[in-house]
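Biologist: I would like to go through this structure one feature at a time. Please give the general idea where there is one, then the case at hand.

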Amino acid sequence: MTLVHNWHLGRRMEYPYFESRPKRQFAAVFNINRCIACQTCTMACKSAWTYNKGQEHMWWNNVETKPYGGYPQSWDIKTLKLIDNGENTWYTDEKDEKLSPYGVYEGDTIFEAAAKKNINQWAVGYIPEDKEWRSPNIGEDVAKSNKADEYSSLPEHSRWFFYIQRLCNHCTYPGCLAACPRKAIYKRKEDGIVLIDQKRCRGYRKCVEQCPYKKPMFRGLTRVSEKCIACYPRVEGRDPITKGRPMETRCMAACVGQIRLQGFLDDNPKNPVTWLIKHDKLALPLYPQFGTEPNIYYIPPRWAPRPYLRQMFGPGVDEAIDKFMVPSRERLAVMSLFRMAQAIIFEYKIEEGPKVFETMIHGKKFELYNDTVIGFGEDGQEILRTTIEEPIHIRDPKHYNSI
Amino acid sequence: MNKRFSLFKVLSIPLLGAVFLSATLFAAEEPAPGVKGMSDEEFTPTKEVLEVKYVQMDKPYHMDVESLKGSFNDAKPVNITLQKQDKAFPNGGGSVTSSEVKAVHDGITVYFQITWKDPTRNARTIAVQEFRDAVALMFPLGAVEITPAEHFSPRMGDREKPTNLWHWKADWEADLLVKGELEDVEVQYPNMHDDFNFNPYSAYYHRELITSVEVLSGGRAANNLLSQPGRGRTVEDLNAEGFGTLTTQDHQDVNGCSHYEDGVWTVIMYRSLITQDPHDVQLVPGGNTFFNMAIWNGGEQDRNGQKNISTQWHPATLEKVAWQ
């Protein structure tokens, strides 16, 4: 075991392999506040990669309702129980911008829990039985009610649920990669995408057991395991539509509610995904306490109870929700980039515009400027150009009654 | 006197460093993470020798355990003690504690018969939580001397010390019996509905979908032997050079048959004594070799390192062919 630095946990932790971050890491930001669970992302992935024999139960991308849903059923509850040692605390007094932006987590990661329990495995985990992979929509839209006869209130609803959209997080320290005794899982150096080598896999299902997010899945027909491949041909730029430019994955591009932005996490603060995650900290990782450093980040839902959200996204939740409720000028501009193009945006630029609106939100002043936001591709070419306010067209009087 | 003292002062630090360095190098035979070190006993082969008897036999029309049973009458059985695998992650096994092996050859083919007790018969790995029963024999590739002085790990071989493994699988046996020689998902879930089954249109209408199975089955398209239909055999031929290096051979040479009754598995693995494959162990009548064994109990979720192993090499000698 070597010591690697996990910036989500704000400390070093044990991992079987040396720290080796890719030059740019496949990452995405999801805005939970806008998801309507239309499942278009789920079907986009399904119809591209998992529609075949033996993959009927596989949903590499899925959207589940919290608190009662989960695919596979109760995956997060079961894994959280396995790492629970009674001391899962975040120490948030001392934060470091780069090394521990959320504070320090003093509980056990899945790797540390396995070492403590002496189970002679790389990480704690369990294999969900086939019946747990059924009914991916279980618990959909089922609300958790604290009081039977209260109306919803703000900011936290007493009757609540929200959707969480999940795919393989292409973690920096994947549980699946650590678990495989044959090194059949590898993380690519060029973009950090984690893949299962289909020739090398022998269907041991250690990855299925030890991924805390349960995204590697066993395929009965071929007797080997498969997982989300991050649509790597598109991310490499081999789809003819974008003419050689890296393109966002199927699930990201298909999002009807425009909640997803996929890009690469790198060192450029003008990279929208990097800015949202590292600089603005508006987007938070999913269950960072597992210790795998997942690379899909979420803007938490503003109406759900904070303790539940803090367990799910870490201690940065309160700040993130405050920032989302009253967005700054730059934040609003970056959020406007979501789903405006299929090609991956590597850099953005804001051209300032006139102030068009002003109000108070929850006691804070909010000003709306109609800025123009420009997104650039890898080669510096302009990919998209949009404004904060949607342009309004007024129809000719003779078309008033047209549809 | 002073000069010598000052020289000593100058040299003392590097001298001390050299002492510590050599001490560390001597002590540091550190195994990789997740792997524990091994004792001298493991590098000593067992005393009991498996004698591969020469018998004259008519190769039966059907190669099955029943027909071959008679050929093993003169072979002396060797008892192999098995224990849980506890050196390399993931640890596991321990449910099968012994097995019996007999071997014969007829100058052309060698037959190894292995029997062991297993209360459950696990011959399918289609559901995610089901694992197969399996047994494997491991031979060192080439002629070797195995003593505590000449380390040859009885666990998956070592770097630069390759081994040849014959891995029989219960589900490969079941695969041979179905049309297409690969059990499809329907045998596990007989009433399942999917685009391939529940449609009123003809196969021709769905031809692109049906032919896509070949291309979009990752394992099949990557030529992973585990995913292929039509393997025509129940034993896999592999090589290994240490933990995590197990690799299927390009050319498969071993076959086998099995029988399960009353909680006892009987597996016969057979192969030509000499093969053309340089990655195969060559067995010569009159010569000797070593072998080791591992057994997987699917009912206990045994797979990969979670297996029941013997921790020492077992010597084997092949009887010379008696020319009539």
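Biologist: Does Y105(A) count as buried or exposed, and how many C-beta neighbours does Y105(A) have inside 10 Å?

Modeller: A word on the source before that: this is a predicted model. The class follows from a neighbour count, and 20 or more other C-beta atoms within 10 Å make a residue buried. Y105(A) has 24 such neighbours, so Y105(A) counts as buried. Y105(A) belongs to strand 6 of chain A, residues 104-105.

Biologist: Which residues is Y105(A) in contact with, leaving aside its neighbours within four places in sequence?

Modeller: The contacts of Y105(A) are L9(A), G10(A), W90(A), P288(A) and Q289(A). For M340(A), 235 residues away from Y105(A) along the chain, the separation between C-alpha atoms is 36 Å.

Biologist: How should I read the buried residues of a helix, and which residues are buried in helix 3 of chain A?

Modeller: An α-helix has 3.6 residues a turn, so residues three or four places apart point the same way. Helix 3 of chain A spans residues 110-117, and I110(A), F111(A), A113(A) and A114(A) are buried there. These residues cover an arc of only 165° around the axis, so they sit on the same side of helix 3 of chain A. Their cover includes strand 2 (11-15), helix 2 (75-83) and helix 4 (175-179) of chain A.

Biologist: What follows helix 3 of chain A, and what is its phi?

Modeller: Most residues other than glycine have a negative phi, and most peptide bonds are trans. N118(A) follows helix 3 of chain A and has a positive phi, near 55°. N118(A) is placed in the loop that leads from helix 3 to strand 7 (144-145) of chain A. N118(A) counts as exposed because it has 8 C-beta neighbours inside 10 Å. Q258(A) is not a glycine either and has a positive phi of about 55°. Q258(A) lies in the loop between helix 7 (250-253) and strand 14 of chain A, and with 14 C-beta neighbours inside 10 Å it counts as partly exposed.

Biologist: What about the peptide bond from K66(A) to P67(A)?

Modeller: That bond is cis, with omega near 20°. P67(A) is in the loop between strand 4 (62-66) and helix 2 of chain A. In chain B, the bond from F89(B) to P90(B) is cis, with omega near -10°. P90(B) is found in the loop between strand 3 (83-84) and strand 4 (98-105) of chain B.

Biologist: Now the sheets. What is the order of the strands in the open sheet of three strands in chain A?

Modeller: Strands of a sheet pair through backbone hydrogen bonds, either parallel or antiparallel. Here the order is 17-20-21, with antiparallel pairing. Strand 17 (347-351) and strand 21 (382-387) of chain A are the edges; each has a single partner strand, so one side of each has no neighbour in the sheet. From one strand to the next the twist averages 20°. Five bridges pair strand 17 with strand 20 (residues 372-376) of chain A, and E351(A) has T372(A) as its bridge partner in strand 20 of chain A.

Biologist: How many residues lie between strand 18 and strand 19 of chain A in their hairpin?

Modeller: Two residues, and H362(A) in the turn has a positive phi of about 50°. Strand 18 (residues 355-361) and strand 19 (residues 364-369) of chain A run antiparallel and are joined by six bridges. Opposite F357(A) stands L368(A) in strand 19 of chain A.

Biologist: Which domains make up chain A?

Modeller: Chain A is divided into domain 1 (2-325) and domain 2 (329-387). Their centres, taken over C-alpha atoms, are 26 Å apart. Domain 1 of chain A gives 25 residues to the contact and domain 2 of chain A gives 16 residues. On the domain 1 side, strand 14 of chain A supplies the largest share, five residues. By class, that side has 13 nonpolar, six polar and six charged residues.

Biologist: How many residues does each chain give to the contact between chain A and chain B?

Modeller: Chain B gives 34 residues and chain A gives 32 residues. Helix 4 (207-216) and helix 5 (218-221) of chain B each supply at least two residues of the chain B side. That side divides into 14 nonpolar, 15 polar and five charged residues.

Note on methods: Residues are numbered from 1 along each chain as its sequence is written. Chains are lettered from A and ligands numbered from 1 in the order in which they are written. This is a predicted model: local features need pLDDT of at least 70, side-chain atom pairs count only at pLDDT 80 or more; totals for chains, interfaces and linings use all residues. Two strands pair if DSSP finds at least two bridges between them. Helices (H or I, at least four residues) and strands (E, at least two) are DSSP runs, numbered from the N terminus. Two residues are in contact if their C-beta atoms, placed from the backbone, lie within 7 Å. Ala, Val, Leu, Ile, Met, Phe, Trp, Tyr, Cys and Pro count as nonpolar, Asp, Glu, Lys and Arg as charged, and the others, Gly among them, as polar. Domain bounds come from an automatic or database domain assignment. Axes are lines fitted to C-alpha atoms, for helices over the stretch in contact, and angles run from 0 to 180 degrees between N-to-C directions. A residue is buried if 20 or more other C-beta atoms lie within 10 Å of its own, exposed if 12 or fewer, and partly exposed in between; C-beta atoms are placed from the backbone. The arc is that of the directions from the helix axis to the C-beta atoms.
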